[in-house]
Amino acid sequence: MQYIQSLKTKHLKIKHNYINWLWVFWCATVINIPFKIVGSDQGDSLPWTWTTWVLWSLIIFLLGLHQKKNLEKSSASTYIIIAAILLSLPILWSPILEWRIHCIPRILGLWAGLLLLFSLKKNPLLNEMKYYFIFGLFLTALIQSVIVIFEVFYINELPPYWKMVVTHGGYGTFSQKNVSASMIATGLVCSCTLFINNNNRWIKSILNISIPLIVIAILILNSRSGWIGSSMGCIIFIIASFYFKDHNNSFRLNLLIMLLFLGVVIGLVINHSYLPEGLTAAHTGSNIQRWLTIRETMNLIIHNLLTGTGYGGYEYIFQKHMAAQTINLNRDLMNHPHNEILLWWMEGGLSALLGILILVFVFVKDIMSIRNLEQVTYLALMIPISVHAQLEYPFYLSTFHWIAFIVFYSLFYYSVHCVEGKTVDIKKYNLQAIFIAAIALICFFSSVVAFRNEVIMYDFESGENTNLENIDFPWMNYERYQWCLALNHILKFNQSHSKQELLQLKKILQSRLRVHVDKKTWILYLRVEKELDSSELNNDLSTFKKEFPYEMQI
């Protein structure tokens with residue numbers, strides 16, 4: 001197919017080839033390394049959050065330097081910008097400072113995604129670059145599949161740190177199995193497009209083995225988001241391929257279906273007979289929690305329709321709301337509605353809802369404009385991550401997912417709008433290109449500094465380093481830095497037994513509890529109050545029992 005064929009222009013090949021191989025190298029190596037900086041299972045404590053932004057800030061910078069056309073004057077760009085503004089506005093009236101601080105990374109991530117989208121629209125990925133991006137994601141999925149299978153059946157052969165990642169709930173190098181599953185599912189759809197449209201015999205031979213292997217990995221992860229996303233993406237692509245009657249590929253399509261079916265059969269056999277108990281657990285408890293969370297989230301939306309509950313405050317509001325109910329809970333509440341739309345709607349109210357509806361309108365309008373297999377392919381590639389976003393929160397667990405979604409949407413958007421928009425030749429180094437390149441350069445150095453901070457804080461948390469003074473711009477890693485400060489006060493109190501250290505610790509924990517109603521922080525806070533002989537201890541203990549009624553011991 002045309003969209004994955006190399007360009008004939010030698011000049012363009014030379015100009016962008018280093019960007020192509022930089023992406024492929026990163027997909028084959030960096031994203032698959034389990035860096036020892038993990039402090040939690042989401043957000044900026046994850047290694048690929050910052051390594052991903054380091055890479056793509058550099059790519060945006062390089063693309064900005066090569067910008068030669070000012071593309072697309074259609075109204076869709078205006079709609080997207082208006083939607084982003086509406087989605088950002090509610091942070092202004094979020095009632096608690098800690099909530100606003102907690103939400104800032106989400107808003108910055110939204111606008112960083114838009115910067116990437118518009119930089120790609122101003123400098124659309126060339127056919128050659130599209131191929132390398134899809135191939136890179138396929139490589140990631142293949143390597144992650146091998147890692148997952150190795151982790152499931154040979155976990156005792158893994159290094160201690162890698163065992164900890166698996167025990168924590170993640171398979172692959174991601175810290176959550178559903179995140180691994182949706183990325184592998186995206187790679188499966190990439191492998192389908194490569195299988196149909198690639199004539200290199202070595203790559204075809206690799207795909208013959210890889211496709212069943214990737215399907216097996218998705219099935220043994222026992223992830224609904226992975227199952228649904230991969231099934232929908234592959235089915236849409238295959239049906240579209242038959243619909244557009246590409247007779248030259250009819251044999252390959254039939255062979256692709258056989259390979260997918262072979263993977264499903266082997267995966268189901270392994271699922272039924274050979275999987276560890278942890279991966280075969282039923283989803284019943286999770287289903288009950290999800291429906292309870294959705295129902296109560298909708299109740300909170302109805303009571304806060306206009307302004308929302310406040311950006312960054314979902315976990316606090318929802319926990320307090322549930323503590324006032326008479327529902328008998330026997331496990332931790334979910335701290336997220338597991339649905340992107342519900343999260344923005346509840347916290348942001350009418351403004352966020354309008355922003356979401358505008359984005360949905362633009363997306364549906366683009367879907368209605370589909371006229372060839374290339375556009376359907378890009379739509380199919382977005383399906384696994386889109387499904388995951390309605391069942392969980394992949395964009396906070398993995399920047400890699402956010403970047404992949406933005407790039408696929410930019411390809412889809414360009415393929416739909418490149419004819420409608422007006423293309424104007426401009427100078428090589430224009431103000432727009434310089435602005436995009438400058439912002440990208442700032443993001444690059446910021447991400448490098450933030451990643452370095454994460455390494456220092458991990459060393460501090462693990463006891464390898466007791467000095468936090470080497471951290472630069474700690475506000476970039478605000479929440480983890482605050483937690484490290486809390487640990488530092490504990491260390492100093494153990495040495496000096498100074499109540500001043502406990503007072504500082506109490507202040508940090510109070511601030512944290514305004515955002516995260518988690519058991520670990522609560523128990524530490526109650527112990528500090530007991531040590532200080534606080535008059536508020538009994539009231540706080542009563543609050544703790546309401547929020548964690550199943551907790552028998554403190």
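In this predicted model, histidine 497 is exposed, with a relative accessible area of 56%. A value over 50% counts as exposed, and this is why histidine 497 falls in that class at 56%. The residue sits in the loop between H18 and helix H19 (499-513). Most residues other than glycine have a negative phi. Phenylalanine 473 is another case of this kind: its phi is positive, at about 50°, although the residue is not a glycine. Phenylalanine 473 is located in the loop between H17 and H18.

The loop between helix H17 (431-461) and helix H18 (478-496) also holds asparagine 467. Asparagine 467 is partly exposed, and its relative accessible area is 27%. Leaving aside residues up to four places away in sequence, asparagine 467 touches Ile456 and Phe460. Methionine 457 stands ten residues from asparagine 467 along the chain, and the C-alpha atoms of the two are separated by 9.0 Å.

A step back gives the setting for these details. The protein has 21 helices and two strands. Of its 554 residues, 55% are buried. The accessible surface comes to about 25,600 Å², and carbon and sulfur atoms account for 64% of that area. When contacts between residues at least 6 apart in sequence are considered, 78% of them join residues at least 24 apart.

Lysine 121 is buried, with a relative accessible area of 3%; the cut-off for buried is under 20%.

Helix H14 (residues 373-391) packs against helix H16 (residues 399-417) at an angle of about 155°, and the two axes are 9 Å apart. Angles over 145 degrees count as roughly antiparallel, and H14 and H16 are therefore roughly antiparallel to each other. H14 passes H16 in a left-handed crossing. On the H14 side, the residues making the contact include Tyr378, Leu379, Leu381, Met382 and Ile385. On the H16 side, Phe405, Phe408, Tyr409, Leu411 and Phe412 are among the residues taking part. Sorted by class, this contact has twelve nonpolar, five polar and one charged residues.

H14 also packs with helix H7 (residues 177-197), here at an angle of about 170° and with the axes 9 Å apart. That angle makes H7 roughly antiparallel to H14. From H7, the contact is made by Asn178, Val179, Ser182, Ala185, Thr186, Val189, Cys190 and Thr193. H14 contributes Thr377, Ala380, Leu381, Pro384, Ile385 and His388. The class make-up of the contact between H7 and H14 is eight nonpolar, six polar and no charged residues. Leu381, Ile385 and His388 of H14 take part in the contact with H16 and in the contact with H7.

Note on methods
Residues numbered from 1 in each chain as written. Predicted model: local features only at pLDDT ≥ 70, side-chain atom pairs only at ≥ 80, totals over all residues. Heavy atoms only, no water. Helix = DSSP H or I, 4+ residues; strand = E, 2+ residues; numbered from the N terminus. Buried < 20%, exposed > 50% of the residue type's maximum accessible area, 1.4 Å probe, protein only. Contact = heavy atoms within 4.5 Å. Axes fitted to C-alpha atoms, helices over the stretch in contact; angles between N-to-C directions. Parallel < 35°, antiparallel > 145°, perpendicular 65-115°, else oblique. Left-handed = near helix turned anticlockwise from the far one by under 90°. Nonpolar A, V, L, I, M, F, W, Y, C, P; charged D, E, K, R; others polar. Areas by Shrake-Rupley, 256 points an atom, 1.4 Å probe, with all protein chains shown as cover.
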